[in-house]
Amino acid sequence: MNDLKLKVDKKKVDTKEFEFPETVFIRDIEDKVFQSIVLQCLAQIKGINLTEGNFIDHLLGRSSEGVKGIYAEQDDKNQSVNIKVEVNILYGVNIPEKAEEIQTKIADEITHLTGLHVSSVHVVFKNVISEEQANKLNQQGTTPQLTESNLSEEYSDEF
């Protein structure tokens, strides 16, 4: 009688009970990652700089808080991110062309490095900097590659 009961139980077993759900992979990206990517992008674009803070300190990670002038907002549902950047621009630089250059560079880099869709890149031009002001800021070490005089200089790792 015991053998008969086992045979009946084998037929009633549902194989769906043995299927495991798919593994869910989750990745979180902190705002500082987006800020660092944007900083690297801005360092490659000539004629602009961040509105506040020491650019070199932010690049080297000496800042204890987030970078001022760069804001990231993630949308987890849509796997996308919105970026807002506040910059100063050198007098004489075409603002619409520079905005497009900034937006394209940032969107491409963030998409490439994080795999997230960039919903928007909002560029706010806070101030126009004259070449004299830019030279003064360069002497303080806050805005590399801003002035026309050093736009043609090449970067070198040699000291």
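Let's start at Val118, whose place is in strand S4; strands here are DSSP runs of E with at least two residues, helices are runs of H or I with at least four residues, and both are numbered from the N terminus. This is a predicted model, in which local features need pLDDT of at least 70, side-chain atom pairs count only at pLDDT 80 or more, and totals for chains, interfaces and linings use all residues. Residues are numbered from 1 along each chain as its sequence is written, and side-chain values use heavy atoms, with hydrogens and water left out.

**Overall layout**

- The protein has 5 helices and 4 strands, and from the N terminus on they follow the order α-α-β-α-β-β-α-β-α.
- Of the 159 residues in the protein, 30% are buried; buried means under 20% relative accessible area, exposed means over 50%, and partly exposed lies in between, using a 1.4 Å probe and protein chains only.
- Among contacts with a separation of 6 or more, 66% join residues 24 or more positions apart, where contact means heavy atoms within 4.5 Å.

**Val118 and Ile110**

- Val118 counts as buried because its relative accessibility is 12%.
- Not counting residues up to four places away in sequence, Val118 touches Val81, Ala107, Ile110 and Thr111.
- Val81 and Val118 are 37 residues apart in sequence, with a C-alpha to C-alpha distance of 5.0 Å.
- Ile110 is in contact with Phe34, Ile37, Val38, Val81, Ile83, Gly115, Leu116 and Val118, leaving aside neighbours within four places in sequence.

**The nonpolar core**

- The largest nonpolar core has 25 residues, and those touching the most other members are Phe34, Val38, Leu42, Ile83, Ile102, Ile106 and Ile110.
- H2, strand S1 (48-50), strand S2 (70-75), strand S3 (80-90), H4 and strand S4 (117-129) each supply at least two residues of this core.
- H2 gives the largest share of this core, 6 residues.
- A nonpolar core is a set of buried Ala, Val, Leu, Ile, Met, Phe, Trp, Tyr and Cys residues joined through side-chain atoms within 4.5 Å.
- As background, nonpolar side chains in soluble globular proteins tend to be buried together.

**Helix H2**

- Helix H2 covers residues 31-43, and its end C-alpha atoms are 18 Å apart, which agrees with the 18 Å that its 13 residues should span at 1.5 Å a residue; the expected span is 1.5 Å times one less than the number of residues.
- The buried residues of H2 are Phe34, Gln35, Ile37, Val38, Leu39, Cys41 and Leu42.

**The second largest pocket**

- About 200 Å³ of space lies in this second largest pocket.
- Its lining consists of Phe25, Ile26, Arg27, Asp28, Ile29, Glu30, Gln74, Asp75, Asp76, Gln79, Ser80 and Leu116.
- On a 1 Å grid over the protein atoms alone, a pocket is an open set of points where a 1.4 Å probe fits, with protein on both sides within 12 Å along at least five of seven lines, and lining residues have an atom within 4 Å of a point.
- Grid points are joined across faces, edges and corners, and the volume is the space filled by probe spheres set on the points.
- The lining residues divide into 4 nonpolar, 3 polar and 5 charged; Ala, Val, Leu, Ile, Met, Phe, Trp, Tyr, Cys and Pro count as nonpolar, Asp, Glu, Lys and Arg as charged, and the others, Gly among them, as polar.
- Glu30 sits in the loop between helix H1 (2-12) and H2, and counts as exposed because its relative accessibility is 58%.
- Glu30 and Gln74 are 44 residues apart in sequence and 9.3 Å apart in space, C-alpha to C-alpha.
- Gln79 belongs to the loop between S2 and S3, and counts as partly exposed at 43% relative accessibility.
- Phi of Gln79 is near 50°, a positive value in a residue other than glycine.
- Most residues other than glycine have a negative phi.

- Lys98 lies in helix H4 (residues 95-114), and counts as buried because its relative accessibility is 10%.
- Leaving aside neighbours within four places in sequence, Lys98 is in contact with Ile45, Lys46, Ile48, Ile89 and Val93.
- Ser130 is in the loop between S4 and helix H5 (131-140), and is partly exposed with a relative accessible area of 23%.
- Leu90 and Tyr91 are in contact with Ser130, leaving aside its neighbours within four places in sequence.
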